[in-house]
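Subject: Structure handover

Hello,

Here is the structure I promised you. My notes on it follow below.

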Amino acid sequence: MIDHTVLAPQAGVSEIEKLCKEADENHFASVCINPSYVELASELLKDSSVKVCTVIGFPLGATPSAVKAFETRTCIQNGADEVDMVINIGAARDGRFSEVGKDIADVVDAARDEGKKLNKTIVVKVILETCFLSDKAIESCCLCAKKAGADFVKTSTGFASPKDKDGNPLPNGATAHHVALMRKTVGPDMGVKASGGVRTSKAALEMVEAGANRIGTSSGIAILKDFQ
């Protein structure tokens with residue numbers, strides 16, 4: 001259930017090699033890495049069941065849909081099996097859900113088209129960045145993702161910096177409340193990924209019990225040791 005993740009901008013080749021080795025040894029679902037390392041990870045995991053996941057429009061989601069679609073195609077050509085795209089968060093906050101839906105659909109369509117050329121099924125996950133959205137907006141974004149044919153909705157990038165009116169930092173990661181809301185909205189057949197701040201077995205179990213069937217974390221090894 002774990003997407004073993006390294007998305008730090010300073011991560012180098014040695015970090016990606018370590019990530020892939022750990023993911024293979026522990027039978028994780030995927031490694032989640034920045035687009036520039038997709039080709040490397042694909043080569044390192046070519047004999048493994050571990051999938052290569054990358055991020056699109058990350059972490060802001062503010063790039064044009066055509067750019068996200070191009071990035072998706074390029075990553076799939078380089079070996080990506082799964083893509084986690086960030087929605088247009090500003091459009092969602094404005095209530096411009098037709099734009100949100102089109103943005104998602106453009107990425108889904110690019111993933112399906114490119115996957116078909118390679119005779120492989122690409123999994124598309126849609127990052128909502130829930131810390132910036134109301135429950136109503138989260139529901140609407142989930143429905144946009146479902147209508148567009150995405151495979152998962154995902155809570156967070158882990159890179160957001162929400163603040164209260166006085167400038168004090170607010171939580172920026174997954175919460176059980178948001179996971180449960182997303183699961184209720186998309187139903188039983190679509191995936192829900194909890195990501196951002198899931199660092200312990202207790203937190204991981206809480207997310208699974210709320211409805212998540214994938215966990216995005218850079219603490220996958222620590223979570224497994226905690227279980228043992």
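Helix axes here are lines fitted to C-alpha atoms over the stretch in contact, and angles run from 0 to 180 degrees between N-to-C directions. Helices are DSSP runs (H or I, at least four residues) and strands likewise (E, at least two), numbered from the N terminus.

This is a predicted model: local features need pLDDT of at least 70, side-chain atom pairs count only at pLDDT 80 or more, and totals for chains, interfaces and linings use all residues. Residues are numbered from 1 along each chain as its sequence is written, and side-chain values use heavy atoms, with hydrogens and water left out.

**Helix pair**

The axes of α6 (residues 135–148) and α7 (residues 176–186) come within 9 Å. They cross at roughly 45°. The two helices are therefore oblique to each other (under 35 degrees is roughly parallel, over 145 roughly antiparallel, 65 to 115 roughly perpendicular, the rest oblique).

**Pockets**

A pocket is an open set of points on a 1 Å grid over the protein atoms alone, where a 1.4 Å probe fits, with protein on both sides within 12 Å along at least five of seven lines; lining residues have an atom within 4 Å of a point. Volume is the space filled by probe spheres set on the points, which are joined across faces, edges and corners.

The largest pocket has about 390 Å³. Its lining has 24 residues, with Thr157, Gly158, Gly196, Gly197 and Ser218 nearest the centre. β1 (2–6), β7 (191–195) and β8 (214–217) each supply at least two lining residues.

The second largest pocket holds about 170 Å³. Its lining includes Met1, His27, Phe28 and Phe227.

Best wishes
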